[in-house]
Amino acid sequence: MGNSMKAAVVHELGKPLGLEEVPVPQPNENQVLVRIAATGICHTDLHAAKGDCPVKPQTPFIPGHEGVGTVAAVGRAARGVKEGDRVGIPWLHTARGHCPHSRTGWETLSGAHGALVTAESPKAFEQAFDRLRSRGTMALVGLPPRKMSPPIFDMVLKRITSRGSIFGTRQDLDEALAFAGSGSVSAHFSWNSLESLNDIFARMEDGKIDGRIVANLQ
Ligand SMILES: [Zn+2]
């Protein structure tokens, strides 16, 4: 790996990102360096770039938390991976400066015993809720930047259970990669380039992205 890498950098919250060459970070003894092959572009990245979260990230920073790639260097004390391994990055390296995960797509389970809301839009919540049967369970994953008012009247009448679910642990990632590797799930996504990031963010903000856009960095 060379000394520099291409990156989209947030220098000022709410402003377009600059695409530039930056130094390749050196892993400390407990870290590994990963050459990123592709990364999903998430609404969480947009929130971070705009500073939508209550805790503002410090600039400059490089968004992106859905990378997959190849281990390029391994710190002296790092265990479990070796150079050349294909790996995926869990989103939660450190909670500081990051919004929790949200997605631009949304799904509801069509067994209306349960509904899973992964989108951050109130509309997705309403649609999922409307499909729930009495005594159904609503699992909330996506995090709207603004407060939402749950339909308490209907929740009481239908005896709905609602619970939040945060994820992003290494075990979650292991299981997700195993699901994907076995062909049990297929991702709804399209390829794009890092150079289009500001345009992708604009479309994301307008709610015009269907599924996930993945930046191809190879
Ligand atoms: Zn994400």
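Just after helix α1, G51 adopts a positive phi of about 75 degrees. Helices (H or I, at least four residues) and strands (E, at least two) are DSSP runs, numbered from the N terminus. The structure is a predicted model, in which local features need pLDDT of at least 70, side-chain atom pairs count only at pLDDT 80 or more, and totals for chains, interfaces and linings use all residues. Residues are numbered from 1 along each chain as its sequence is written.

Seven of the eight residues of α1 are buried, so this helix is largely enclosed by the rest of the structure. The buried residues are H43, T44, D45, L46, H47, A48 and A49. A residue is buried if 20 or more other C-beta atoms, placed from the backbone, lie within 10 Å of its own. The cover over the buried residues of α1 includes β3 (32–41) and α5.

Helix α1 (residues 43–50) packs against helix α5 (residues 197–205) at an angle of about 100 degrees, with the axes 10 Å apart. Axes are lines fitted to C-alpha atoms, for helices over the stretch in contact, and angles run from 0 to 180 degrees between N-to-C directions. The two helices are therefore roughly perpendicular to each other, a term that applies to angles of 65 to 115 degrees. H43, L46 and A49 of α1 meet F201, M204 and E205 of α5; contact requires C-beta atoms, placed from the backbone, within 7 Å. The residues of this contact divide into four nonpolar, one polar and one charged. Here Ala, Val, Leu, Ile, Met, Phe, Trp, Tyr, Cys and Pro count as nonpolar, Asp, Glu, Lys and Arg as charged, and the others, Gly among them, as polar.

An open sheet of five strands has mixed pairing and the order β5-β4-β3-β10-β9. Two strands pair if DSSP finds at least two bridges between them. β5 (86–88) and β9 are the edge strands, each with a single partner, so one side of each is left without a neighbour in the sheet. From one strand to the next, the twist averages 35 degrees. β3 and strand β4 (residues 67–74) run antiparallel and are joined by seven bridges; V34 has V71 of β4 as its bridge partner.

Confidence is expressed as pLDDT, from 0 to 100 for each residue. The chain has a mean pLDDT of 85, and 91% of its residues reach 70 or more.

Technical notes:
Angles under 35 degrees count as roughly parallel, over 145 as roughly antiparallel, 65 to 115 as roughly perpendicular and the rest as oblique. Two residues are in contact if their C-beta atoms, placed from the backbone, lie within 7 Å. pLDDT is the predictor's confidence in each residue, from 0 to 100. A residue is buried if 20 or more other C-beta atoms lie within 10 Å of its own, exposed if 12 or fewer, and partly exposed in between; C-beta atoms are placed from the backbone.
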